[in-house]
Amino acid sequence: MTLYQTDILETEVKSLSNTLFAERHSIFQQDSVPAYKAKTSQWWLETNLPEFIAAEDQPSYRPDLNLLDF
C-alpha cells in the first residue's frame, strides 16, 4: 500500500464514509493526481466505498465537478 492509501484512504476517507456519510448518498471523487489513478488506489476505492468516480470515468475538465480546483 502507498502512503496515500494508508494515510488518507484508510484513515480519513474510510472513517468519514462510515460515520459522516453513512446515512447519506454520496459519491467520492478525486482529481487526476497520479497516486489517485493508481490501480491499487482504484481497487481500494472499489472495495471500501459504496460509490466513487473511477479514474477512467473522470472528465478531463468539468468546472462544475471541480469547484475548488482553480
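Biologist: Quick one to start: does tyrosine 4 count as buried or exposed?

Modeller: Tyrosine 4 counts as buried, because its relative accessibility is 12%. Buried means under 20% relative accessible area, exposed over 50%, and partly exposed in between (1.4 Å probe, protein chains only). Bear in mind that this is a predicted model, where local features need pLDDT of at least 70 and side-chain atom pairs pLDDT 80 or more, while totals for chains, interfaces and linings use all residues. Numbering runs from 1 along each chain as its sequence is written, and side-chain values use heavy atoms, with hydrogens and water left out.

Biologist: Good to know. What share of the chain's residues is buried?

Modeller: Of the 70 residues in the chain, 19% are buried.

Biologist: And how many helices and strands are there?

Modeller: You'll find three helices and zero strands. Along the sequence the pattern reads α-α-α. These are DSSP runs numbered from the N terminus: helices are H or I with at least four residues, strands are E with at least two.

Biologist: Back to aromatics. How many aromatic pairs turn up in the whole structure?

Modeller: The search finds one aromatic pair. The partners are tyrosine 4 and tyrosine 36: their ring centres are 4.7 Å apart and their planes lie at 35°, so the pair is tilted. Tyrosine 4 belongs to helix α1 and tyrosine 36 to helix α2, so the pair ties together parts that are 32 residues apart in sequence. For pairing, the ring centres of Phe, Tyr or Trp (its six-membered ring) must lie within 6.5 Å; planes under 30 degrees apart are stacked, over 60 edge-to-face, and the rest tilted.

Biologist: How does tyrosine 36 count for accessibility?

Modeller: Tyrosine 36 counts as partly exposed, because its relative accessibility is 23%.

Biologist: Let's go inside. Which residues make up the largest nonpolar core?

Modeller: There are eight of them: Tyr4, Leu9, Val13, Trp44, Leu45, Leu49, Phe52 and Ala54. The elements giving two or more residues to this core are α1 and α3, and α3 covers 39-48. Helix α1 gives the most, with three residues. A nonpolar core is a set of buried Ala, Val, Leu, Ile, Met, Phe, Trp, Tyr and Cys residues joined through side-chain atoms within 4.5 Å.

Biologist: Which residues does leucine 45 touch?

Modeller: Leaving out residues up to four places away in sequence, leucine 45 touches Leu9, Phe28, Gln30 and Phe52. Contact here means heavy atoms within 4.5 Å.

Biologist: What fraction of the contacts between residues at least 6 apart join residues at least 24 apart?

Modeller: Among those contacts in the chain, 63% join residues at least 24 apart in sequence.

Biologist: What about asparagine 18, buried or exposed?

Modeller: Asparagine 18 also has its place in helix α1, and it counts as exposed, because its relative accessibility is 52%. From asparagine 18 to leucine 49 is 31 residues in sequence and 9.1 Å in space, C-alpha to C-alpha.

Biologist: You mentioned Ala22. Where does alanine 22 sit?

Modeller: Alanine 22 is in the loop between α1 and α2. At a relative accessible area of 44%, alanine 22 is partly exposed. Its C-alpha is separated by 9.8 Å from that of proline 50, which is 28 residues apart along the chain.

Biologist: Where is leucine 20 found?

Modeller: Leucine 20 is found in the loop between α1 (3-18) and α2 (34-37). With 45% relative accessibility, leucine 20 counts as partly exposed.

Biologist: And serine 32, is that buried or exposed?

Modeller: Serine 32 is exposed, with a relative accessible area of 53%, and is found in the loop between α1 and α2.

Biologist: Last one: how far apart are aspartate 31 and isoleucine 53 in space?

Modeller: They are 9.9 Å apart, C-alpha to C-alpha, and 22 residues apart in sequence. Aspartate 31 has its place in the loop between α1 and α2, and counts as partly exposed at 34% relative accessibility.
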